[in-house]
Amino acid sequence: MEKKTAVYICTGCGIGDALDTEQLSKVATDEGSVPICRNHNYLCSQEGVEFIKNDIDNEGANTLIIAACSHRVMYDAFNFENCIVDRVNIREQVVWCQKPGDEDTQMMAEDYLRMAMAKVDNMELPEPYKPEEEISRDILVVGGGLTGMTSALDAAKAGHSVVLVEKESQLGGFQGRVQKVATFPYKGTEDNDLEALIQEVTQNEKIKVYTGAKVDKTVGGPGVFEATISQNGTTAEHRIGAIVLAAGWQPYDPKKLDEKLGFGASPNVITNVMFEESFNGGEISRPSDGKDVTNVAFLQCAGQRDPDHLPYCSSVCCVTALKQALQIKAQNQDANVFVVYKEMRTPGQSEDLYRKAQEEGITFIRCQSPEVKASGESLAVEAEDELLGEAVIMEDLDMVVLATGMVPVTAFGMDITQEEKEKKEEDEAKKGEEDLDDIPLDVIRRSDLLNLEYRQGPELPALRYDFPDSHFICFPYESRRTGIYPAGCVRRPMGIATAQEDAAGAVMKAIQCIELTSQGAAVHPRVGDMSFPEFAMQRCTQCKRCTVECPFGAINEDEEANPLPQITRCRRCGVCMGACPERIISFKNYSVQMIGAMIKAINVPEEDEEKPRILVLACENDAYAALDMAGINRMKYNAWIRVIPLRCLGSMNLVWIADSLSKGIDGIILLGCKHGDDYQCHFIKGSELADIRLSKVSETLNRLALESERVRFETVSIIDYDRLPAVLDEFAETIDEVGPNPFKGW
Amino acid sequence: MANTETQSILVVGSGMSGLTAAIEAAEAGYDTYIVERNPYLGGRVNQLHHYFPKLCPPYCGLEINFRRIKQNPRVHFFTMAEVEKIFGEEGDFEVTIRLSPRYVNEKCTGCGKCAEVCTMEIENAFNYGMDKIKAAYLPHDMAFPMRYVLDPALVKSDEAQKIKDSCPYDAIDLEMESKTLDLKVGSIIWATGWKPYDANKLDMYGFGQYPDVITNVMMERLASWTGPTKGKIIRPSDGEAPETIAFVQCAGSRDENHLPFCSGVCCLASMKQATYVREQYPDAKIYIFFIDIRATDRLEDFYNRVKEDENIQFFKGKVAKITQDENGKDLVLRVEDTTTEELREISADLVVLATGMQPNTSDTPLPVEVPYDDYGFVASQNAKPGIYAAGCVRTPTFVSEVVQDGTAAALKAIQSVVRR
């Protein structure tokens, strides 16, 4: 596209009062030789927009620089198709946060305009990525339990074909072995109608069911996955658009439980799962001899909420115990049923079930450490009742039911990072990779569910306790592998109603991923972004930085360690671009060169003018928005700063630091999201990687006889605008004390 | 099978469930229409300081969601709007929407001139009435859309003309009237959310009588920099720093006389708020009076973290009554220590009532007949063919589960309109 640039300067909202806009125009016309430059006192008005459209239609303007408010507002007014549009934020981040009519304020606005001109010079309109293969709209569901079957049916009802893979010989999963259920509205127990669901799934012509089968191999990416499914020694290949992982859970191994809980000491000490499996002709009976049960104790949190076993709560066991206790009562109204609990957890309407159980005469004992006494035929539980403040002994028990918890199937199998470590220790030849040791690695276990042929490992990375869950409260389906959405108890422990919902939610994301991929657009969080990374391979040194640092596992590797980007997996964060020491990765509208040019466009005054310059690289979602809100609150801060928003701080390339310093810029501050266990970076590791990269700069600075204080990483959240002006002012003071950059004027 | 007249989807309510439902469906290629009662999108999470367990700000996720809306022309929204009527059936609904006047039109640039000249002040609903704002106001810092609002009282006042004249962009329309508009949609997601249980009904706790007895939602505003105290947690009565803070769990919840159900979030919310207090007051003594601590799933980790604080005492027992002591400063909580069976009196100088979540459908039901449960929640996700309930109108729960529910509802709504 032949660019014809036009600059529009809005003088409304106080801009015209605070700035010399005539002078500002000259930056465009004289310095930038921009053919069109116009002022308007209300640019976002219909008239103002028409004014711009007129230039597009009649003057051939196609590269528009709009110096007005933040791009976060008036997005609908300044939306011009097929034009490169850049917004220069001279309202929120200049006139609303700086002294009106001041020389420094003017210089700030002028620099932002220069930076915008440099930016548009270095960008093109993105063209959507189209894979060579046709995009598949089919959905693969791994796991044929309640969640998996619900997912399959929900996807079929939305018009998609489904491949459902279940490892057991029949559909149903754990729920298939359950007699009664307790779910919404939690008024009592109900019959399990899973059989009806199984029928519906098997009869649906859009669903291809494989039982006794597994996924041997998954290659490709969203829209272009190829799954190899094996069943009875034969294999089938399917082209797949997106995947729902509903592989479920395993009960915690009761043999590992504390002896005090008596598992193994008597056949009549069973688990909540065994309870479901021990119905005999519809009746529950004493496991040892099949006799009637009249005295039963349920012990909650068996090996749960316990650092030596499962540290978390499985969320459903309280409701399960209530259900099972009610089943015994229904069988024998005179039965003595005790529930020994630590905390009764019946959130929402399930409190009704707790109330019903109390009404039915079930006895509840709050006790943190009950003990099972089993000898020969006799079975008893001793518990210190916290509410009565005395010891209670439940004797002549026919059965003790231990509430063991749920372990996601992703918790099984060797962690590949451990494997690699071991391999590396053995294999000195791989020494070249030691440089990559600084990169935080994920936990990925060989759990034999998806068998992804990904450079980064065969399964989904997991969070603590091996759940491949999302770390984002606002975005529970943000899995770390694009187009693969975990659902049900593999993601987190949950009951029937939640699992059914979760199935639908995951299918929603899968369908959406297919839709966006077919348009060539990115999925969350940069939804709709058409740009994608392009690799100038002739300059690649096979250093593996990009493949290892990509938080989403979007880059494969060939045998020579050349990166093979899988674009439909890419989230467009630019972490690879930031990581690449050779600077070979760029997007059409976002590149190392583009940001470099923006930095170089900053006018750095001579040392004797005593006007230091500070570059701020800010996360565009959080820190940049916080700066806007400081402006909305008319909070003032230092005028030496020049802000460049980044897609993610992880896209920061160290060359920009070098560019800045050689340009004479005195200080650089990175404003990024919190990292660590409670990371807030929407690209998982972006801000952490930026911090790691920056830490290496200090060394270089010292070598150049520059002070390391010139470069800083500051953790900033979106609501930190109350303290942000002080952070910037303090940094400016530090830079002032350190003195001018000696490279100034070189 | 629905006779599909239109493929667009109506979403009523733009809190986390509604907002999510509308965006998720739009990103899959369907036109969605959001109807929001407030002058801004996002619902109650806008008013929260942090989420548990990450202690991260809700604005962060909202920013992403608003950005998703900005780049997606398929998401349409109406603020200060309510659904008045619904006719028709799955695939072919006709909906009447009532729009209340904002008195500010789309010409508003958000410059704030009107607020600058305005002298009239009104109670700040965003801060639960704990402070005042100008009667020409931006609802909050990240209000989306970023557009001012004029209070009806201001429009009726002598100041009105002056305010109108102050606007350089002719964005103020004093003649604006309530109006209706009709919309054809194929399916409907009802996500009107919840409200805090009215603490005035809890006579025994002296809310409204003792200014230092506040509710958990008010605590969120006290902790926030945009709240009435610029984020300083202080006693409303005298502005002093509290030394002993008591959190009263199940204030009206799990109680047959009030809300018989459990709201599922209040235990974690109080623990989270205890961290707010701790951050500002390293030595403050904190009590959490509870019946059961319901930290399900890995939220247990957060519970364990909070328990490590020696100055936070988890006290098993239900608070029976709160009174003020003779000096009129301290509050006295009468509570039965269930582990010793003693009746104890504990003093605190700030009390936070963990009130529960009441579904908005309990007093503002849908304009069509759908089944509700005993507490006013919509009884099932599929309320009737083509109409789906999502989020806290169905069950009280925390944000990530609400988002999950909103995402699921989006799929259901698509199933109702998909042309097969």
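The centres of domain 1 of chain A and domain 3 of chain A, taken over C-alpha atoms, are separated by 70 Å, with domain bounds that come from an automatic or database domain assignment. The model is predicted, so that local features need pLDDT of at least 70 and side-chain atom pairs count only at pLDDT 80 or more, whereas totals for chains, interfaces and linings use all residues. Residues are numbered from 1 along each chain as its sequence is written, and chains are lettered from A and ligands numbered from 1 in the order in which they are written.

| Domain of chain A | Residues |
|---|---|
| domain 1 | 1-125 |
| domain 2 | 139-250 + 447-519 |
| domain 3 | 253-404 |
| domain 4 | 534-586 |

Along the principal axes, the C-alpha atoms of chain A fill a box of roughly 100 × 60 × 60 Å. Chain A holds 20 helices and 34 strands, which are DSSP runs numbered from the N terminus (helices H or I, at least four residues; strands E, at least two). Of the 746 residues in chain A, 56% are buried, meaning that 20 or more other C-beta atoms, placed from the backbone, lie within 10 Å of the residue's own.

In chain B, 3 strands form an open sheet in the order 4-5-10 with antiparallel pairing, where two strands pair if DSSP finds at least two bridges between them. Strand 4 (81-89) and strand 10 (179-185) of chain B are the edge strands, each pairing on one side only. Strand 5 (residues 92-99) of chain B is joined to strand 10 of chain B by 7 bridges, and E94(B) stands opposite K184(B) in strand 10 of chain B.

Terms used
Buried ≥ 20, exposed ≤ 12 C-beta atoms within 10 Å, placed from the backbone.
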